[in-house]
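I am opening a notebook on a structure that is new to me.

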Amino acid sequence: GDPETRSVARFADGDRYEDLRTVVGHLAAVIADGGHRAEVVLDDDRLVDRAVAIRSGVAWWGKSTMAITPGLGPWFLIGSVVTDLDLAPTRPMERTCGTCIACIPACPTDAIVEPGVLDARRCLAAILQGRGSIPRGLRRAVGARVYGCDDCLTACPPGHPALARLASGPTPDPRDLLGESDDALLASVAHWYVPGRRARFVRRNCLVAIGNTGGTADLPLLAGYLGHPDVLLRSHAAWAIGAVGGAGASSVLDAAAAEEPDETVREEIRSARIAASSAGP
């Protein structure tokens with residue numbers, strides 16, 4: 001299919017959980033009014049919600065490790081209410097993906113290593129929500145992404161009818177995010193999971209996305225980040241400048257190399273210098 005060009009995955013291009021939060025909150029209130037304990041657990045690491053949904057018969061395990069449900073495929077969100085109310089159990093769904101493996105070749109980093117097994121170390125959605133440096137060998141695969149990846153979902157045939165109906169919200173330009181203060185940036189992505197609510201991780205992703213999709217007009221913005229006090233951002237800015245390439249990129253990198261005190265960043269600059277030279281004018 002076409003390469004992913006959205007900067008933000010569809011589940012995060014707005015607060016998609018708003019309606020679901022209302023529904024499960026109402027269910028929890030009804031249970032509590034009946035004298036039972038009830039707690040809403042929604043988009044929460046305390047519960048593996050996909051496993052709960054599959055055990056309860058809502059969905060089946062897809063080969064992508066996504067939960068798949070009839071009529072929607074993988075395009076649904078899961079909310080749970082944990083309670084001591086005695087409920088009759090429902091049977092797990094007996095459906096499967098059959099012979100379909102559409103999601104496996106669709107993954108841009110081959111993170112689905114075999115049907116039903118995902119290597120999260122290669123999953124772009126996980127990497128873009130993680131801490132630390134984005135592995136250099138996976139940065140080109142990030143493409144335009146700043147948050148999330150939809151590729152295994154968009155490839156899933158049971159989800160195609162729902163995808164065709166799915167209204168998409170606006171996605172931010174990474175250049176705009178890089179120009180914002182930390183407080184403004186975090187406010188604009190309040191519904192994203194950002195480690196420690198630290199803007200540096202969103203900025204890191206934006207630098208890589210610009211390196212993949214930008215041009216020489218972006219060099220002044222990227223060059224500014226070569227002087228950032230954060231080593232993580234300087235190193236990713238160096239990579240992005242090398243990815244953009246050209247004589248202007250080489251000049252910026254040469255100037256930065258003479259001033260850079262950190263060996264990690266100097267190594268990124270050396271690698272970016274080679275990439276910039278091979279990228280041509």
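I call a residue buried when its relative accessible area is under 20%, exposed when it is over 50%, and partly exposed in between, using a 1.4 Å probe and protein chains only. By that scale I find Leu186 buried, at 15% relative accessibility.

Before going further I note that this is a predicted model, in which local features need pLDDT of at least 70 and side-chain atom pairs count only at pLDDT 80 or more, while totals for chains, interfaces and linings use all residues. I also note that residues are numbered from 1 along each chain as its sequence is written, and that side-chain values use heavy atoms, with hydrogens and water left out.

**Entry: Leu186**

I take helices (H or I, at least four residues) and strands (E, at least two) as DSSP runs, numbered from the N terminus. Leu186 belongs to helix H9. Counting contact as heavy atoms within 4.5 Å, and leaving out residues up to four places away in sequence, I list Val194, Arg197, Arg198 and Ala199 as the residues that Leu186 touches. I also looked up Gly227, which is 41 residues from Leu186 in sequence and 22 Å from Leu186 in space, C-alpha to C-alpha.

**Entry: the nonpolar cores**

A nonpolar core is, for me, a set of buried Ala, Val, Leu, Ile, Met, Phe, Trp, Tyr and Cys residues joined through side-chain atoms within 4.5 Å. The largest one has 44 residues, and Trp192, Val202 and Leu253 have the most contacts inside it. At least two residues of this core come from each of helix H4 (124-128), helix H8 (174-178), H9, H10, H11, H12, helix H13 (247-259) and helix H14 (263-278). H12 gives the most to this core, with eight residues. Apart from this core lies another, of 10 residues, which includes Ile104, Ile112, Cys123 and Ala162.

Val202 touches Val146, Leu177, Leu185, Trp192 and Val194, when residues up to four places away in sequence are not counted. Ile112 lies in strand E5 and is buried, at 5% relative accessibility. With the neighbours up to four places away again left out, Ile112 touches Lys63, Ser64, Cys103, Ile104, Cys107, Val117, Leu118 and Cys152.

**Entry: pocket and cavity**

On a 1 Å grid over the protein atoms alone, I take a cavity as a set of points where a 1.4 Å probe fits but cannot get out, and a pocket as an open set with protein on both sides within 12 Å along at least five of seven lines; lining residues have an atom within 4 Å of a point. Grid points are joined across faces, edges and corners, and a volume is the space filled by probe spheres set on the points.

The largest pocket has a volume of about 1,600 Å³. It is lined by 49 residues, of which Phe11, Tyr17, Asp43, Arg50 and Met66 lie nearest its centre. Helix H2 (49-55), H4, helix H6 (151-154) and helix H7 (160-165) are the elements that give two or more residues to this lining.

I count one cavity of 30 Å³ or more, and the largest cavity holds about 40 Å³ of space. Among the residues that line the largest cavity are Trp192, Val194 and Val202, and H10 gives the most to that lining, with three residues.

**Entry: cysteines**

How many disulfides does the structure hold? I find zero disulfides, a disulfide being a pair of cysteine sulfur atoms within 2.5 Å. The sulfur of Cys97 is too far for a bond because the closest cysteine sulfur, in Cys156, is 6.3 Å away. The sulfur of Cys152 is likewise too far for a bond, with the closest cysteine sulfur, in Cys103, at 6.5 Å. Cys97 is partly exposed, at 24%, whereas Cys152 is buried, at 16%.

**Entry: loop residues**

Most residues other than glycine have a negative phi. Asp110, which is not a glycine, has a positive phi of about 55°; Asp110 sits in the loop between helix H3 (103-106) and strand E5 (112-114) and is exposed, at 53% relative accessibility. Arg197, also not a glycine, has a positive phi of about 50°; Arg197 is in the loop between helix H9 (182-188) and helix H10 (199-213) and is partly exposed, at 35%.
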